[in-house]
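Trainee: I have a new structure on screen. Can you walk me through it?
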Amino acid sequence: MMMKGAHFPTAAAFALLALATFHLVSASDPSPLQDFCVALNTTQTAASAVFVNGKFCRDPKLATADDFFFSGLRIPGNTSNPLGSKVTPANVEQIAGLNTLGISLARVDYAPNGGLNPPHTHPRATEVLMVMEGTLYVGFVTSDNRLFTKVLYKGDVFVFPVGLIHFQFNTGKVKAVAIAALSSQNPGVITIANAVFGSNPPINLDVLTKAFQVDNNVVQYLQKQFWYDNN
């Protein structure tokens, strides 16, 4: 009996740990306590206000229909740039009523014959892309360097999982247009080439030459280029 009793504290400890772990993994964000949280512009908040993960809310009684409206996606983006693409976002910066709702949209226009939305990531969102016009070669790379690609036609949909590097390339002879839905009101975007070779201040030359296994002159050349931002 003594031997069996000696194991009880250990068993109880494991049981409590399992119970605590269950509560942790089953936890979720609390449900919203109001219908919406229309974002206040930074100019409408005090300069000394505490920064929060999101935006401050306007009094719901002061909200109007315009807080939930944006007409910018009906306007074609100007693709006359080095990348041949233009992203028009519709996130919390354009639609204040999206604040806290965890969703946003973007329109992407691609020039004919090679318009490119270059390799980039959204650190806070999964993306679902639907082709509205044209043909796109799209893909993403996983954390174990697997490449998933597909050629999309009008009406086709493709998913880019959160945080993974992805791209879209217009393989057609006519313009292409796509609409992207993202699982964040502020998904963020990190364009790989811009971040690596166009950071301010620049990344140390020795770091990049060793990382890419190239000559110093190659890295210096790349760092001197103008890295266009299509967002």
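Here is the chat about this structure.

Mentor: First, this is a predicted model, where local features need pLDDT of at least 70, side-chain atom pairs count only at pLDDT 80 or more, and totals for chains, interfaces and linings use all residues. Residues are numbered from 1 along each chain as its sequence is written, and side-chain values use heavy atoms, with hydrogens and water left out.

Trainee: How many helices and strands does the protein have?

Mentor: There are 5 helices and 10 strands. Both are DSSP runs numbered from the N terminus: helices are H or I with at least four residues, strands are E with at least two.

Trainee: What share of the residues is buried?

Mentor: Of the 231 residues in the protein, 31% are buried. Buried means under 20% relative accessible area, exposed means over 50%, and partly exposed is in between, with a 1.4 Å probe and protein chains only.

Trainee: Now the sheet. In what order do the 5 strands come?

Mentor: The order is β6-β5-β8-β3-β10, in an open sheet with antiparallel pairing. The edge strands are β6 (147–152) and β10, and each pairs on one side only. Two strands pair if DSSP finds at least two bridges between them.

Trainee: How many bridges join β5 and β6?

Mentor: β5 (residues 136–141) pairs with β6 over 6 bridges. Val 138 has Lys 150 in β6 as its bridge partner.

Trainee: And what does β3 pair with?

Mentor: β3 (residues 116–121) is joined to β8 (residues 165–170) by 3 bridges. Asn 117 stands opposite Gln 168 there. β3 is also joined to β10 (residues 190–191), by 2 bridges. In that pairing, His 120 has Thr 191 as its partner.

Trainee: What holds such strands together?

Mentor: Strands of a sheet pair through backbone hydrogen bonds, either parallel or antiparallel.

Trainee: Switching to rings. Which residues form the aromatic cluster?

Mentor: Phe 140, Phe 148, Phe 158 and Phe 160 form one cluster. The count for the structure comes to 8 aromatic pairs. Rings of Phe, Tyr and Trp (its six-membered ring) pair if their centres lie within 6.5 Å; planes under 30 degrees apart are stacked, over 60 edge-to-face, and the rest tilted.

Trainee: What lines the second largest pocket?

Mentor: 19 residues line that pocket, and Val 87, Pro 89, His 122, Val 189 and Asn 231 lie nearest its centre. β1 (85–90), β2 (104–110), β3 and β9 (176–182) each give two or more residues to the lining. β2 gives the most, with 4 residues.

Trainee: What counts as a pocket?

Mentor: On a 1 Å grid over the protein atoms alone, a pocket is an open set of points where a 1.4 Å probe fits, with protein on both sides within 12 Å along at least five of seven lines; lining residues have an atom within 4 Å of a point.

Trainee: Where is Pro 201?

Mentor: Pro 201 is in the loop between α3 (192–197) and α4 (205–212). The peptide bond from Asn 200 to Pro 201 is cis, with omega near 0 degrees.

Trainee: Which residues other than glycine have a positive phi?

Mentor: Among them are Thr 100, with phi near 75 degrees, and Asn 145, at about 65 degrees. Thr 100 lies in the loop between β1 and β2. Asn 145 lies in the loop between β5 and β6.

Trainee: Is Asn 145 buried or exposed?

Mentor: Asn 145 is exposed, because its relative accessible area is 66%.
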